[in-house]
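User: Got a model open here and I'd like to go through its aromatic residues with you. Can we start with the helix side of things?

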Amino acid sequence: MDKFTKLEGVAAPLQMINVDTDMIIPKQYLKTIKRTGLGTGLFFEKRFTDDGSENPDFVLNKPAYRKAKILVAGDNFGCGSSREHAPWALMDFGIRCVISTSFGDIFYNNCFKNGVLPVKVSPEDLDKLFDDAERGANATLTIDLPNQEIRGPDGGKVRFEIDAFRKHCLVNGLDDIGVTMEKKSSIDDYEAKAKRERAWA
């Protein structure tokens, strides 16, 4: 998993509440267990019309936001089913941080396991960030995870809280396997000891 320390990029404003995981990545994309290629299906039913053409009104189809790395979203983002494909699709599209006041619990946990930073802020701070994000190509935010702050284009700062262990994992690029491998020397010592003491097993 790639390390997450600082992220600077365009922030896209998604002024919607209760965005569920089916909206993030529809069910027809759940047939694969590969983490790549899902970016094409991100917000598929919002990004494209019934005839397959792009919906020009959807934020990620607007020229200023096509390469957004950050998503500023309404309350309760990622509610609904537990599909891990949702953070996979965000990552594959290029979005590594989602900012909201609240998240669906399973989606929130899945983000950390897959290198996406979900940031919880107050409603007041979210309003400020929406204002920043509405600036189009000038809507550049900097997410500083070590210092737990978001810096806006005018130098304003928003602080955020994050669990210390989850922060450690993102900063060091550790997924669940990586966390286990941090204990490799202890695991090796235990297995060697067990082999000596239980040679009969």
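This is a predicted model: local features need pLDDT of at least 70, side-chain atom pairs count only at pLDDT 80 or more; totals for chains, interfaces and linings use all residues.

User: Which residues are buried in H4?
Analyst: Phe107, Tyr108, Asn110, Cys111 and Phe112 are buried in H4. Buried is under 20% relative accessible area, exposed is over 50% and partly exposed is in between, with a 1.4 Å probe and protein chains only. Helices (H or I, at least four residues) and strands (E, at least two) are DSSP runs numbered from the N terminus.

User: OK, rings now. How many aromatic pairs does the structure hold?
Analyst: Eight. Rings of Phe, Tyr and Trp (its six-membered ring) pair if their centres lie within 6.5 Å; planes under 30 degrees apart are stacked, over 60 edge-to-face, the rest tilted. Phe44 and Phe48 are a tilted pair, because their planes are at 40 degrees, with centres 5.1 Å apart.

User: Is Phe48 buried or exposed?
Analyst: Phe48 is buried, at 17% relative accessibility, while Phe44 is partly exposed at 28%.

User: And which residues do ring pairs link into a cluster?
Analyst: Phe77, Phe103, Phe107, Tyr108 and Phe112. Both Phe77 and Phe103 are buried.

Methods:
Residues are numbered from 1 along each chain as its sequence is written. Side-chain values use heavy atoms; hydrogens and water are left out.
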